[in-house]
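Please keep the structure in view while reading.

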Amino acid sequence: MAPPVGKRVKGVQVFRPFIYGTTAKPFDEKTNPKPAGVPDDHTHSWTVFVKGIDDVDIIYWLRRVQFKLHESIPNHVRMVEGEKGKPFIVQETGWGEFEITMKLYYVPESGEKPQTLYHHLRLHPYGRTEEEKEAMRVNGEGVISWVYEEQIFNEPYEAFYDVLTSGAMPNTTTTTTANDKRGGKGGKGGGGAKTKGGDKKEDGPKRSEGGVLEHSAMIPLLNRPGHPFSRETEQLEIKKLKDALVKVEDMTKKLADDLKKKEERLQQLKRQEAGEA
Ligand code: SLL
């Protein structure tokens, strides 16, 4: 694809959070009955998806996603075009787990080449304990295997930068998905989109606290059912890492102390040996 005309915005990185993953449910007469025509050996219904945090549209930067499924599945290469108000999603049924290849195609004004992601379709919960297994089951949604990811656009073309940063305003009159705010009042940098190293103007209407808006790079403050990625999750992960670091430092200190003791003992033995000789 020919690169878009125009200059790149130097020194600017724009990142856009998104989620991808799979959700699977075993067939069950009461909660998930097997539809007519589904082969006898199929045990689960499942979906694979790419979508925005809090279900905001990401089609302003992501145009289509190609999902490559296991070859045993009829028509196993599926191209899904971005549609307003919908995630990029494939729904299937089957019996086995496998690796799914997802190729992300960006909007033409980005000038970006497609990028490939790999994800394991998880049908069965796994874990060392029952609690760990249970943690993989989300209420009514079955077994989830979801990944939080950030798409970084390095020095985007000016036109694409405008697309990325327009909008991101709280919409008081209509629902977010029903209204395309691209090319709206936002203007360059207007919505307070998070750019690293770029100038950031905070004028314009006030943004909702922790709410995720279209064209924004915001991450919600708190988790909600079905939306496990938030600042809250991030803080928990940071705490886990900090705790792990303290543990590693303790272990390192202990090893160094042990080593020192062994060195001393060795010197002592050497002296003894020299004395005896
Ligand atoms: C396994 N390596 O042996 C994996 C392969 C393939 C899963 C899993 C077929 C669905 C259909 C299906 O579920 N394939 O017939 O449409 O476990």
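In what order do the elements of the protein chain run from the N terminus on? The order is β-β-β-β-β-β-β-α-β-β-α-β-α. The model is a predicted one. In total, the secondary structure of the protein chain comes to three helices and 10 strands.

**The chain as a whole**

The protein chain has 277 residues, and 37% of them are buried. Among contacts with a separation of 6 or more, 64% are between residues 24 or more positions apart.

**Strand pairing**

Several strands pair in the antiparallel sense. Strand β1 (13-26) runs antiparallel to strand β9 (residues 142-154), and 12 bridges join the two. One of the residue pairs here is P17 with E150 in β9. Strand β9 also pairs with strand β8 (residues 137-138), again antiparallel, over two bridges. In that pairing, R137 has V143 in β9 as its bridge partner.

Strand β2 (residues 44-52) pairs with β5 in the antiparallel sense, over seven bridges. Across this pairing, W46 stands opposite E92 in β5. Strand β5 covers residues 88-94, and five of its seven residues are buried. In a regular strand, side chains alternate between the two faces of the sheet.

**The ligand and its surroundings**

Which residues are around the ligand? They are H42, H70, S72, I73, P74, T93, G94, W95, G96, E97 and F98. By class, this shell has four nonpolar, six polar and one charged residues.

| Residue | Protein atom | Ligand atom | Distance |
|---|---|---|---|
| S72 | side-chain N or O | nitrogen | 2.9 Å |
| W95 | backbone N or O | oxygen | 2.9 Å |
| G96 | backbone N or O | oxygen | 3.3 Å |

Taken alone, the ligand exposes 460 Å², and the protein buries 69% of that area.

**H42, a residue of the shell**

H42 is one of the residues around the ligand, and it lies in the loop between β1 and β2. Is H42 buried or exposed? H42 has a relative accessible area of 15%, which is under the 20% limit, so it counts as buried. The side chain of H42 makes a polar contact of 2.8 Å with the side chain of T93. T93 is also among the residues around the ligand. Apart from neighbours within four places in sequence, H42 is in contact with F27, K34, T93, G94 and W95.

**I58, a residue of another loop**

I58 lies in the loop between β2 and β3 (62-68). Why does I58 count as buried? The reason is a relative accessibility of 5%, because buried means under 20%. Not counting residues up to four places away in sequence, I58 touches F18, V50, K51, G52 and F88. I58 and F88 are 30 residues apart along the chain, and their C-alpha atoms are separated by 9.5 Å.

Terms used: Residues numbered from 1 in each chain as written. Predicted model: local features only at pLDDT ≥ 70, side-chain atom pairs only at ≥ 80, totals over all residues. Heavy atoms only, no water. Near = heavy atom within 4 Å. Polar contact = N/O pair within 3.5 Å; in protein donor to acceptor, adjacent residues only side chain to side chain. Areas by Shrake-Rupley, 256 points an atom, 1.4 Å probe, with all protein chains shown as cover. Nonpolar A, V, L, I, M, F, W, Y, C, P; charged D, E, K, R; others polar. Buried < 20%, exposed > 50% of the residue type's maximum accessible area, 1.4 Å probe, protein only. Helix = DSSP H or I, 4+ residues; strand = E, 2+ residues; numbered from the N terminus. Pairing = 2+ DSSP bridges. Contact = heavy atoms within 4.5 Å.
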